[in-house]
Amino acid sequence: MHLFLGILCTGFIVADSYKILVYSPTFGHSHSNYMGRIADILAEAGHNVTTLVSVMDPEVADGTKLSKSKETAELYSLLTQTKADMFEMNMFNPIGAYFMGQFFGSIFSTQCKELLATPGLVEQLKNENYDVYFTENFDMCGVGLAELIKPRSFIPTASCSAFGPMLEEFGIPTALSYDPANTSL
């Protein structure tokens, strides 16, 4: 009888495990560490976690130690060639902020095009039938990938203070007192 109960309880534990995909482009150490930590916590809890690492900067580690890592080829390395340091930039200069936005917009859109053009990748991810998918919501490639692979649940995250459209997405009121600027950290 005890053996039967032990087998039955083990079955319940295994059945509670989810198949999870974490999308993590390597463009910054803090973001990669944040997404890697999410993957590691879920893997420690017994879930089947895969981290899709889109290599934008080969000098940035994927941030995960426990999940299965599915690394793309180095897709776009303009980020490492330029090494624009946004922490040293004067964000109060509207021209500099504009060019920084243009720079990152160009990098992320090119990276996304190359990721989605990787032969068989989207179809392979779709066929995995993931239960849960995590991505940072400021990266529209990760959000778009969720639409293509159709996981059962999509969980957007943010490793920085919420800004602009993120506030509405997370249901945070957009009153001026709730809308911090990126420089108010």
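Student: What should I know about Phe 154 and its accessibility?
Tutor: Phe 154 is partly exposed, at 33% relative accessibility. That term covers values between buried, under 20% relative accessible area, and exposed, over 50% (1.4 Å probe, protein chains only). This is a predicted model: local features need pLDDT of at least 70, side-chain atom pairs count only at pLDDT 80 or more, and totals for chains, interfaces and linings use all residues. Residues are numbered from 1 along each chain as its sequence is written, and side-chain values use heavy atoms, with hydrogens and water left out.

Student: How many aromatic pairs are there?
Tutor: One. The ring centres of Tyr 133 and Phe 154 are 5.8 Å apart and their planes meet at 25°, so the pair is stacked. Rings of Phe, Tyr and Trp (its six-membered ring) pair if their centres lie within 6.5 Å; planes under 30 degrees apart are stacked, over 60 edge-to-face, the rest tilted.

Student: And Tyr 133, buried or exposed?
Tutor: Buried, with a relative accessible area of 0%.

Student: New topic. How many residues has the largest nonpolar core?
Tutor: It has 14 residues. Tyr 133, Leu 21 and Ile 149 are among those with the most contacts inside it. Such a core is a set of buried Ala, Val, Leu, Ile, Met, Phe, Trp, Tyr and Cys residues joined through side-chain atoms within 4.5 Å.

Student: What is Ile 149 in contact with, leaving aside neighbours within four places in sequence?
Tutor: Leu 21, Val 122, Leu 125, Lys 126 and Tyr 133. Contact means heavy atoms within 4.5 Å.
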